[in-house]
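The sequence and model come first.

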Amino acid sequence: MLANMSEGNGDDYLQKRYGRSQRSRWSWLVPAALLSLVGGGWLLWSANHYSRPEIRTELISFSVADPTKVHLRYFISVRTSSRSHQCILTASDYQANTVGQITDILPPGAHSYNRNVEIPTRVQAVSAAIEHCS
């Protein structure tokens, strides 16, 4: 056996013994390129799609005017201006119980709205929030 390796046939001997295939060293390149194209395309699509949501809201401020109402100011930006949207706004007391809730309906026609809304409450609220917009 040592004679085979010393005669320069070491590569043939290793291929027989360990079963190395005769495929090219670059055979992995085609599957890797296809995977990177598909994966890269999906990453670009998902980054673009999820960085620009259909509806984006921002609570600007709220103030408790008296024990029966809360003034809420918020901004909403929508991609589809051809249909109306609605937001559920809530007011909470110091134990995080919901003490007031309204649905603010936004008319179609604009891509962004700056809204001032009054939420009636049953007891004094300490906070207000945008629950959900659709």
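## Basis and surface area

Accessible areas are computed with the Shrake-Rupley method and a 1.4 Å probe, and for residues only the protein chains shown count as cover. On that basis the chain exposes about 9700 Å², of which carbon and sulfur atoms supply 56%.

The model is predicted: local features need pLDDT of at least 70, side-chain atom pairs count only at pLDDT 80 or more, and totals for chains, interfaces and linings use all residues. Residues are numbered from 1 along each chain as its sequence is written, and side-chain values use heavy atoms, with hydrogens and water left out.

## Elements and contacts

Helices (H or I, at least four residues) and strands (E, at least two) are DSSP runs numbered from the N terminus. The chain has three helices and six strands, in the order α-α-α-β-β-β-β-β-β from the N terminus.

Of the 134 residues, 21% are buried; buried means under 20% relative accessible area, exposed over 50%, and partly exposed in between (1.4 Å probe, protein chains only). A contact is a pair with heavy atoms within 4.5 Å. Among contacts between residues at least 6 apart in sequence, 56% join residues at least 24 apart.

## Nonpolar patch

Trp42, Leu43, Trp45 and Tyr50 make a nonpolar surface patch of about 560 Å². Patch residues have over 30% relative accessible area and no salt bridge; nonpolar side chains (Val, Leu, Ile, Met, Phe, Trp, Tyr) are joined within 5 Å, like charges within 9 Å. Tryptophan 42 sits in helix H3 (residues 29-51) and counts as exposed because its relative accessibility is 53%.

## Salt bridges

Side chains of opposite charge can pair when their charged atoms come close. With a salt bridge defined as a side-chain nitrogen of Lys or Arg within 4 Å of a carboxyl oxygen of Asp or Glu, the count is two.

In one of them, glutamate 54 pairs with arginine 79, with the closest N and O atoms 4.0 Å apart. Glutamate 54 is in the loop between H3 and strand E1 (55-66), and arginine 79 in the loop between strand E2 (69-78) and strand E3 (85-92), so the bridge ties together parts 25 residues apart in sequence. Glutamate 54 is partly exposed at 28% relative accessibility, and arginine 79 is partly exposed at 34%.

Arginine 115 and aspartate 104 form a salt bridge with an N to O distance of 2.7 Å. This pair links distant parts of the chain, 11 residues apart: arginine 115 in strand E5 (residues 112-120) and aspartate 104 in strand E4 (residues 98-106). Arginine 115 is partly exposed at 23% relative accessible area, whereas aspartate 104 is buried at 8%.
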